[in-house]
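User: I'm new to this one. Could you show me how to read it, feature by feature?

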Amino acid sequence: MNNNIGGENITFRYRYRKQIIISIITVIIFITCGLSFYFNLDATEEQPLVADVKNEKKEKKEIKDEKVEVKVDVKGEINAPGIYLLDTSARVIDAIDKAGGLTENADTSVINLSKKLIDEMVIIIYSKQEVKKFEETKEKEKLVQNKCNQKDENSLKNDACINNANNTTNKISINKATLEELMTLNGIGETKAKDIISYREKNGGFTNIEDLMKVTGIGENTFAQIKENITL
């Protein structure tokens, strides 16, 4: 009786051993295929990301390579006259600095030092004597600027002048002008320009140009020099 039971158990194990082994192998194959598919899919998804990074670096390099610079000609009362290459964000004052700065005889009262540079721009720095001759004319303000732009038909046009085709007025607004624009006024340096801005911010602006004399450091003499060149 017991032998029959044992024989039946042995027969059961042999009968289903093959099916069990096949089942296990089938499960392993499914797991292997599943893992393989997962990793292949993950690798496929990463490839565009790598490509995107490479494209982004390439685009940044191209933008950097395409950075535009301007070439300007600086003449007159300058320590190192010549042609200079500057960034498009540079101003007239930057070109002057690169050209070695102003000579002791230079007068920039008719030059807009804050004007942005453009390619092929001509910047002429006049002497004190030249500006004085401009100022001796009957229509001082108009003729000063016209002569600054171009002395005569045979002279070079000075693109750095305050009054040219790109400007609607040659007067500086004491209520709206920037620090750099205020500094273009004769006798107004950085300190006085900052004081002007500080005064208008504290007092809600100037009501007339004579109020400028209320600013520390600006007296009658300084006001007399610039009153024809300022507006509200």
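This is a predicted model: local features need pLDDT of at least 70, side-chain atom pairs count only at pLDDT 80 or more; totals for chains, interfaces and linings use all residues.

User: In what order do the strands of the open sheet sit?

Analyst: Strands of a sheet pair through backbone hydrogen bonds, either parallel or antiparallel. Here strands (E, at least two residues) and helices (H or I, at least four) are DSSP runs numbered from the N terminus, and two strands pair if DSSP finds at least two bridges between them. The open sheet has 4 strands in the order 2-1-4-3, with mixed pairing. Strand 2 (82–87) and strand 3 (106–107) are the edges, each pairing on one side only.

User: Which strands pair in the parallel sense, and which in the antiparallel sense?

Analyst: Strand 1 (residues 69–76) runs parallel to strand 4 (residues 122–127), over 4 bridges; Asp-73 has Val-122 in strand 4 as its bridge partner. Strand 3 and strand 4 are antiparallel over 2 bridges, with Asp-107 opposite Tyr-126.

User: What does Val-74 touch?

Analyst: Contact means heavy atoms within 4.5 Å. Val-74, in strand 1, counts as buried because its relative accessibility is 1%. Not counting residues up to four places away in sequence, Val-74 touches Pro-81, Gly-82, Tyr-84, Ala-95, Ala-99 and Ile-123. Val-74 and Ile-96 are 22 residues apart in sequence, yet their C-alpha atoms are 7.3 Å apart in space.

User: Which residues of the largest nonpolar core touch the most other members?

Analyst: A nonpolar core is a set of buried Ala, Val, Leu, Ile, Met, Phe, Trp, Tyr and Cys residues joined through side-chain atoms within 4.5 Å. The largest has 26 residues, and Val-72, Val-92, Ile-111, Leu-117 and Ile-123 touch the most other members. Strand 1, strand 2, helix 2 (92–98) and strand 4 each supply at least two of its residues, and strand 4 gives the largest share, 5 residues. Apart from that core lies another, of 17 residues, including Tyr-199 and Phe-206.

User: How are the rings of Tyr-199 and Phe-206 arranged?

Analyst: Rings of Phe, Tyr and Trp (its six-membered ring) pair if their centres lie within 6.5 Å; planes under 30 degrees apart count as stacked, over 60 as edge-to-face and the rest as tilted. That rule gives 1 aromatic pair. Tyr-199 and Phe-206 are stacked, 4.9 Å centre to centre with 20° between the planes, and both are buried.

User: Why do the buried residues of helix 6 line one face?

Analyst: An α-helix has 3.6 residues a turn, so residues three or four places apart point the same way. Helix 6's buried residues are Ala-193, Ile-196, Ile-197, Tyr-199 and Arg-200. Seen down the axis, they fall within an arc of 160° (taken from the directions from the axis to the C-beta atoms), so they line one face. The face turned away from them carries the exposed Thr-191, Glu-201 and Lys-202. Cover for the buried residues includes strand 5 (172–173) and helix 5 (179–182).

Note on methods:
Residues are numbered from 1 along each chain as its sequence is written. Side-chain values use heavy atoms; hydrogens and water are left out. Buried means under 20% relative accessible area, exposed over 50%, partly exposed in between (1.4 Å probe, protein chains only).
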